[in-house]
Amino acid sequence: MIRIAIVGGGISGLAAAFDLEAPRCAGAVEYKLYESSPRLGGVLRTEHIHGCIVEAGPDSFMTEKPWAADLCRALGLGDQLIGSNDADRKTYIFVRDRLIPMPDGLVFMVPTKILPTGFSPLFSWTTKLRMARELLHQPRAAGADESVASLVERHYGAEMVDRLADPLLSGVYGGEAASLSVRAVLPRFAEMERTDGSLGRAMLAARKKMPRRAGRPAPPFFTSLKNGMQQLVEALVPRLNPASLLTNILVQSIQPDAGGWTVSTSSKLDRFDAVILAVPAHAAAQLLASSSPELSAELAGIVYTSSITVGLGYDHDVRQSLPPGFGFLVPRSEGKRLLAATFVHNKFPHRAPDDRALLRCFFAGPNAENIWELSDDAIVAVVRNELQQILGLRAAPLFARVHKWKAAMAQYGVGHLERLDRIERLRQQLPKLALAGNGYRGIGVPDCVRSGSEAAKQTLKL
C-alpha cells in the first residue's frame, strides 16, 4: 500500500485526489488531503444572489484547454457545460474618457484584418503605420527570454502595449506586460517571431491552415458550468473518500524520512511514501525551507499578486442602458483603479434573470493592494465612482459582494521557464515529491486540473 499526502485542497489538490481514486489505484493507494481552511475548492466559489450567479473567483475557463471540461464530463457534468455567447463578444478599451470597441480581426493583439483596424479610433496613425510595416518583419533568431512588452513594442510600438497587451494580460494574470515572460505567457508569439518574423503574417498563415468546420459552429472561446464554477467542486468532493479529506488542518512542516516523508500538523505526525504540494509556490517554499533551501529559494522567487473581485447586481433599467458586449478593460495609463469589468449577463447564459444586470469588477496587483485595507463598503464606493466615470452608471446596485484573494495569482516573470528547469532538477533530488498548482505551467483552471492529475501519476511512478 502506497501512502500519499496531498497538501492543498484547491482544484489542483482535488484533481490529484480524484486521480488517486481511479480504479487502477484501488487497494494499492491510500491518501490524505490536508486543507488549512474550512472548505475545499480554493478560489472556485459561487454565490447565488437574487437569481444571479456570482463568482468569487474565476468565472470560466478557456475551451481550447481540455482538462477542466474532461474532468467535468468524468464527473457527469457534461450536460452542465455552457459556452460563452460569442456572437455577442465585444470588448471595449477605455481610452480618453470613452469606451472604444476592440476592432474585429484582432487575435489577442495581432491585427489580421486591415479595414477594421485601419478605421478604429483605438490606435493612432503612427501605430497603424507600424502595423502595416510589421508585415515586412523578417525572422529573428531566438535570444534570451524577454518581457511581453518588449516583444510587442518591437513589433507594434508602445501604444499597443499600453492599450492592448497590458490590459489583456492584467485581466488574465493580474500582472504587467513589462514584467511577464513572453516565453512562458505567449510562447506562440516567440515562436512565430523566430520562424516567420511578422506576427501578423504568421497569424494569417495559421488561419489559412485551420480546417474548415463544414457548417459546424466554432467552439465557444470560454466554457463554464450552468450553476457556477463551484459546481465542479460540489460534484468532485463526493467522489472522494471522506475519511481522506482533512479540512481546517494546517501542515506545519514536511521532512524527508527514510525514503518517504513525515508530515507534521499541530495535532500529529504522519508518515507517507510520497507528497504532493498543491499549494502556491510561496507556501511550498516555506514547507521545503529546511529540507531543500535551494529549492525553497527558487519556489519563493515565483512572485504572486493579489486580486479583488466585486460583483454588482442591477435592475432592468441598468441592463438596458449598458453597451452590448462582454465588458471593458482599462489601461493603467488612464489613471483608474479598476482594471476590468465584465457584463456577466451578456457573457454567459443562465447567469442572471432577464430583468437583472450582473457586473463583475476586477482589481489586481498594486491596484488591489492600494485598496486592500478598505472596508467592503468603501471598495464598493470606489467601484461605483469609477463605473460612473466610465459608464455614466449612477444607479445604486441591488446587491454587492466583495471577494479578496491574497497572493493568489502567479506571475510568470522573465526567466520563468529557466527557473522551472532549476526547480525540476532540485525536485528530483528529493524522494517522492511532486508539485502542482498555478505557479508553474499555466494559471487557469484547466492547467491546475492537469497539474494535479500529472502530480498524482508522478507519485505513483516514483
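Throughout these legends, buried means under 20% relative accessible area, exposed means over 50%, and partly exposed lies in between (1.4 Å probe, protein chains only). The views show a predicted model, in which local features need pLDDT of at least 70, side-chain atom pairs count only at pLDDT 80 or more, and totals for chains, interfaces and linings use all residues. Residues are numbered from 1 along each chain as its sequence is written, and side-chain values use heavy atoms, with hydrogens and water left out.

**View 1. Strand β14 (residues 260-265) is buried on both faces.**
Helices (H or I, at least four residues) and strands (E, at least two) are DSSP runs, numbered from the N terminus. Strand β14 is largely enclosed by the rest of the structure, because six of its six residues are buried. Gly 260, Thr 262 and Ser 264 make up one side, and Trp 261, Val 263 and Thr 265 the other. In a regular strand the side chains alternate between the two faces of the sheet.

**View 2. Strand β14 pairs with strand β13 (residues 251-257).**
Two strands are said to pair if DSSP finds at least two bridges between them. Here β13 and β14 run antiparallel and are joined by six bridges. Within this pairing, Val 263 of β14 has Ile 254 opposite. The two strands form a hairpin with two residues between them, and Ala 258 in the turn has a positive phi of about 50°.

**View 3. Strand β15 (residues 269-272) is also antiparallel to β14.**
Four bridges connect β14 and β15, and a hairpin of three residues links these strands. Thr 262 has Arg 271 of β15 as its bridge partner, while Ser 264 stands opposite Leu 269. Strand β15 has a covered face, formed by Asp 270 and Phe 272, and an uncovered one, formed by Leu 269 and Arg 271. Leu 269 counts as exposed because its relative accessibility is 61%. Contact means heavy atoms within 4.5 Å; leaving aside neighbours within four places in sequence, Leu 269 is in contact with Thr 262, Val 263 and Ser 264. The C-alpha atom of Leu 269 is separated by 51 Å from that of Gly 335, 66 residues apart along the chain.

**View 4. Leu 164 is among the residues with the most contacts inside the largest nonpolar core.**
A nonpolar core is a set of buried Ala, Val, Leu, Ile, Met, Phe, Trp, Tyr and Cys residues joined through side-chain atoms within 4.5 Å. The largest has 69 residues, and Leu 277 and Leu 299 stand with Leu 164 as those with the most contacts inside it. Helix α6 (residues 158-173) gives the most to this core, with seven residues. Apart from neighbours within four places in sequence, Leu 164 is in contact with Ile 93, Met 102, Leu 106, Met 109, Leu 122, Phe 123 and Glu 159. A second, separate core of 41 residues includes Ile 4, Ile 11, Leu 71 and Val 445. In soluble globular proteins, nonpolar side chains tend to be buried together.

**View 5. The structure holds one cavity of 30 Å³ or more.**
On a 1 Å grid over the protein atoms alone, a cavity is a set of points where a 1.4 Å probe fits but cannot get out, and a pocket is an open set with protein on both sides within 12 Å along at least five of seven lines; lining residues have an atom within 4 Å of a point. Grid points are joined across faces, edges and corners, and a volume is the space filled by probe spheres set on the points. The largest cavity contains about 80 Å³ of space. Its lining includes Ile 53, Asp 59, Thr 309, Val 344 and Arg 360. Strands β4 (52-55), β17 (303-314) and β20 (357-364) each supply at least two residues of this lining.

**View 6. Thr 342 is found in strand β19 (residues 340-343).**
Thr 342 is buried, with a relative accessible area of 16%. Beyond its neighbours within four places in sequence, Thr 342 is in contact with Phe 326, Gly 327, Lys 347, Leu 358, Leu 359 and Arg 360. Leu 358, Leu 359 and Arg 360 are also among the residues that line the largest cavity.
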